[in-house]
Amino acid sequence: GSSGQSVECAHTTSSRAIDWELTARSSTPLRATRSGIWCKGAKGWAKSPLVEAIVTFLCLLTQLIVTCGYRAKSDVPRLARVTETLGLLVFLVFLLVRITLREAKDNMWLNIGLFAALISSRVVGALREQSLRQGAVLGLSTTLWHVGLASCNIALVALALTRTYITYTVIRDTGRRLVSQKRRRFVDTAMGVDLDLSYVTPNIIAMGWPTESWSEQQLRNPMDQVVLFLKEKHAGKHKVYNLCSERTYSQQYFEREHHDVRFPDHNVCKLEDLVQLCKDMQDFVGNPRDKRVVVVHCKAGKGRTGMVVSCLLLYLRTHMRAASALAHFGTRRTHNGRGVTIPSQIRWVGHFEALVREGGLRPKRRLR
């Protein structure tokens with residue numbers, strides 16, 4: 001199996017299926033991930049990333065009101081004061097709920113810090129106003145109360161921004177899982193990768209498109225994470241096969257790349273090209289004991305990738321029937337076993353089975 005400590009993670013936190021044949025148990029626990037933006041039940045809504053984003057934004061908005069010095073002015077509109085107070089109360093209640101639900105330890109301490117910073121900011125602000133009217137309060141001058149309030153506000157903004165970043169990562173991970181749908185993902189928190197990627201066999205990897213665009217990386221495989229994964233797990237022993245005719249990389253990212261056989265989505269390639277592709281993969285893998293891997297991807301890493309990988313399983317004699325090869329890919333790549341679903345691609349794997357069984361392509365004949 002793979003020599004690294006890695007796990008194949010399901011869509012929800014509770015489903016952590018581990019393929020013992022291909023992977024080892026990770027010593028680092030999986031980061032808590034939520035199955036979707038819309039969560040059922042009161043606890044689900046409290047943990048919903050959408051609710052978290054709205055409430056955190058509300059906290060930042062109310063803190064902006066405080067930072068701008070509204071409370072120090074006497075002519076502040078009543079609506080602004082009500083909005084600030086209401087936002088503060090809502091966020092305090094929200095933090096208390098999150099703390100009582102016992103989130104992950106780092107999030108729980110962050111919430112406790114936010115709660116304490118909000119209370120401290122409110123109390124220090126009230127004492128500062130009192131010192132402006134009466135002079136020294138509790139033996140401290142007005143200047144010291146100004147410094148104390150500024151320190152509380154800076155700490156509060158820093159904690160709120162940290163909370164906002166965590167919210168962003170949660171929504172980003174949720175978006176990636178919505179895009180990957182039922183496809184299996186490779187998650188290794190120690191390495192810092194969360195990829196739409198699966199081991200079909202110890203020597204064959206199927207994955208989604210590794211994107212260079214920052215905006216697209218919020219939903220698809222980030223190129224830097226893919227490069228890191230292959231460098232850490234299969235340094236010097238991997239070759240990446242791009243099947244997308246509609247796009248390619250802007251530069252060379254991997255040690256070995258193959259872009260010679262590319263074809264449109266929902267389509268098939270020539271059988272001659274498929275034979276050459278499988279032969280190139282077989283030559284590179286060589287002896288399985290060398291632990292070389294071929295990494296195949298299209299856009300989603302399921303249709304075109306599944307067709308090529310299934311044909312490769314037939315070419316390597318790992319499977320003798322097209323149905324068996326397709327089923328193997330579907331099981332390894334997805335949670336519901338639905339790998340290749342395009343009829344023409346399924347038929348092409350059947351044609352390739354006949355090709356392998358007959359020992360190669362039939363000779364060309366001229367039609368009369």
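Colleague: Is arginine 333 buried or exposed?
Modeller: Such a label rests on relative accessible area: buried means under 20%, exposed over 50%, and partly exposed in between (1.4 Å probe, protein chains only). Arginine 333 has a relative accessible area of 0%, so this residue counts as buried. Please note that this is a predicted model, in which local features need pLDDT of at least 70 and side-chain atom pairs count only at pLDDT 80 or more, while totals for chains, interfaces and linings use all residues. Residues are numbered from 1 along each chain as its sequence is written, and side-chain values use heavy atoms, with hydrogens and water left out.

Colleague: With which residue does arginine 333 meet in a salt bridge?
Modeller: Side chains of opposite charge can pair when their charged atoms come close. The term salt bridge requires a side-chain nitrogen of Lys or Arg within 4 Å of a carboxyl oxygen of Asp or Glu. Here the partner of arginine 333 is aspartate 196, with an N to O distance of 2.9 Å. The two are 137 residues apart: arginine 333 belongs to helix α10 (residues 322-333), and aspartate 196 to the loop between β3 and β4. Helices (H or I, at least four residues) and strands (E, at least two) are DSSP runs, numbered from the N terminus. Aspartate 196 has a relative accessible area of 6% and is therefore buried.

Colleague: How many salt bridges does a search of the whole structure find?
Modeller: The search finds 14. Arg177, Arg185 and Asp194 are joined in a network of such bridges. Another pair is glutamate 216 with arginine 247, whose closest N and O atoms are 2.9 Å apart. Glutamate 216 is in helix α6 (residues 214-217) and arginine 247 in the loop between β8 (238-242) and β9 (257-258), so the bridge ties together parts 31 residues apart in sequence. Arginine 247 is partly exposed, at a relative accessible area of 23%.

Colleague: How many disulfides does the search find?
Modeller: A disulfide is a pair of cysteine sulfur atoms within 2.5 Å. The search of the whole structure finds zero. Cysteine 278, for instance, has its nearest cysteine sulfur, that of cysteine 311, 5.7 Å away. Cysteine 278 has 0% relative accessibility and so counts as buried.

Colleague: At roughly what angle do the axes of α9 and α10 cross?
Modeller: Two packed helices are described by the angle between their axes and the distance between the axes. Axes are lines fitted to C-alpha atoms, for helices over the stretch in contact, and angles run from 0 to 180 degrees between N-to-C directions. The axes of helix α9 (residues 303-315) and α10 cross at roughly 125° and come within 9 Å. That makes α9 oblique to α10; angles under 35 degrees count as roughly parallel, over 145 as roughly antiparallel, 65 to 115 as roughly perpendicular and the rest as oblique. The residues in contact (heavy atoms within 4.5 Å) include Val309 and Leu313 of α9, and Leu326 and Phe329 of α10.

Colleague: Are α8 and α11 roughly parallel or roughly perpendicular to each other?
Modeller: The axes of helix α8 (residues 271-285) and helix α11 (residues 343-357) come within 11 Å and cross at roughly 70°. The two helices are therefore roughly perpendicular. Leu271, Leu274, Val275 and Cys278 of α8 meet Trp348, Phe352 and Leu355 of α11.

Colleague: Which residues does leucine 230 touch, leaving aside those up to four places away in sequence?
Modeller: Leucine 230 touches Ala235, His238, Val240, Phe254 and Val295. This leucine lies in helix α7 (residues 223-233) and is buried, with a relative accessible area of 0%.

Colleague: What share of the chain counts as buried?
Modeller: Of its 368 residues, 46% count as buried. The chain has 11 helices and 10 strands.
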